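Q: I have a structure open and would like to go through it step by step. Could you help me read it?

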Amino acid sequence: MMCTLMAVCLVASNIFTTKVFSVAGMLLTGDLLIFPVSYILNDCISEVYGYNKARYAIWTSFAVNFLFVIFAQLVVAIPGASFWEGGEHFNYIFKMEIWVAAASLLAFLVGSTVNAAVMSRMKVACNGKRFWLRAIVSSLAGDLCDSFVFMPIVFWSVGFRRLVVMILCQVGVKVLYETVLLPVTRRVVEQVKKKDATDVYDDGISYNPFRIKDLCGRL
């Protein structure tokens with residue numbers, strides 16, 4: 001279930017990112033409202049089921065988003081009917097430059113993997129305690145990696161100083177969002193642990209994200 005929700009959040013964020021709005025002088029994109037939810041779900045999966053399950057969820061979400069991007073570009077390439085007047089708006093939302101699509105996919109893969117790995121290792125180090133700290137630190141690490149991959153590829157032309165400001169604003173707002181929702185995240189984790197009688201500690205596992213044989217689990 002959580003794996004499915006992660007995939008939905010990632011696909012939806014690609015659509016919502018076309019909306020740009022301003023808050024207190026900061027330029028933000030619409031995906032900011034939903035993308036952090038994927039990190040919250042990532043925290044829940046890592047905390048309850050462990051890194052291997054989180055890795056499976058990340059790669060599944062990556063695959064679903066990759067297919068969405070490919071299919072969207074195919075539909076954009078199909079000529080519209082002569083009477084259809086929505087082509088410009090449809091293309092504006094769904095047409096993605098190749099480097100933007102690649103940056104989005106790579107940023108998600110790197111950021112989510114770092115988020116899951118930090119959450120997993122801190123759980124062992126903290127003996128399962130201080131969930132609030134582990135959730136914030138792992139989200140901060142993941143969001144930083146995500147932004148440092150995506151933003152320079154897509155927005156390098158705005159200049160170095162403005163790019164740094166954009167990255168810091170995006171990361172700051174995302175982490176604040178995830179911190180505000182922390183009580184909800186904690187509650188979800190507690191309920192899932194209780195329902196499934198599961199609380200995995202990742203002792204002696206490999207954090208290599210490309211270990212294909214470890215991607216056979218199910219959520």
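Q: Where does isoleucine 70 lie?
A: This is a predicted model. In it, isoleucine 70 lies in helix α3, which covers residues 51-77.

Q: And is isoleucine 70 buried, partly exposed or exposed?
A: Isoleucine 70 counts as partly exposed, because its relative accessibility is 36%. The partly exposed class falls between buried, under 20%, and exposed, over 50%.

Q: Which residues form a nonpolar patch on the surface?
A: The patch consists of Phe66, Leu67, Ile70, Phe71 and Leu74. Together they have about 480 Å² of accessible area.

Q: Now the whole protein, please. How many helices and strands are there?
A: The protein has eight helices and two strands.

Q: What pattern do they follow along the sequence?
A: The pattern reads α-β-β-α-α-α-α-α-α-α.

Q: What does the radius of gyration say about the fold?
A: The protein has a radius of gyration of 18 Å. A compact globule with 219 residues would have a value near 17 Å, so the two agree.

Q: What does the C-alpha trace span along its principal axes?
A: The C-alpha trace spans about 60 × 40 × 30 Å.

Q: What share of the residues is buried?
A: Buried residues make up 42% of the 219 residues.

Q: Last topic: among contacts between residues at least 6 apart in sequence, what share joins residues at least 24 apart?
A: That share is 77% in this protein.

Conventions
Residues are numbered from 1 along each chain as its sequence is written. This is a predicted model: local features need pLDDT of at least 70, side-chain atom pairs count only at pLDDT 80 or more; totals for chains, interfaces and linings use all residues. Side-chain values use heavy atoms; hydrogens and water are left out. Patches are made of residues with over 30% relative accessible area and no salt bridge: like charges are joined within 9 Å, nonpolar side chains (Val, Leu, Ile, Met, Phe, Trp, Tyr) within 5 Å. Accessible areas come from the Shrake-Rupley method with a 1.4 Å probe; for residues, only the protein chains shown count as cover. A salt bridge is a side-chain nitrogen of Lys or Arg within 4 Å of a carboxyl oxygen of Asp or Glu. Helices (H or I, at least four residues) and strands (E, at least two) are DSSP runs, numbered from the N terminus. Buried means under 20% relative accessible area, exposed over 50%, partly exposed in between (1.4 Å probe, protein chains only). The radius of gyration is taken over C-alpha atoms; the globule rule is 2.2 Å times the number of residues to the power 0.38. Contact means heavy atoms within 4.5 Å.
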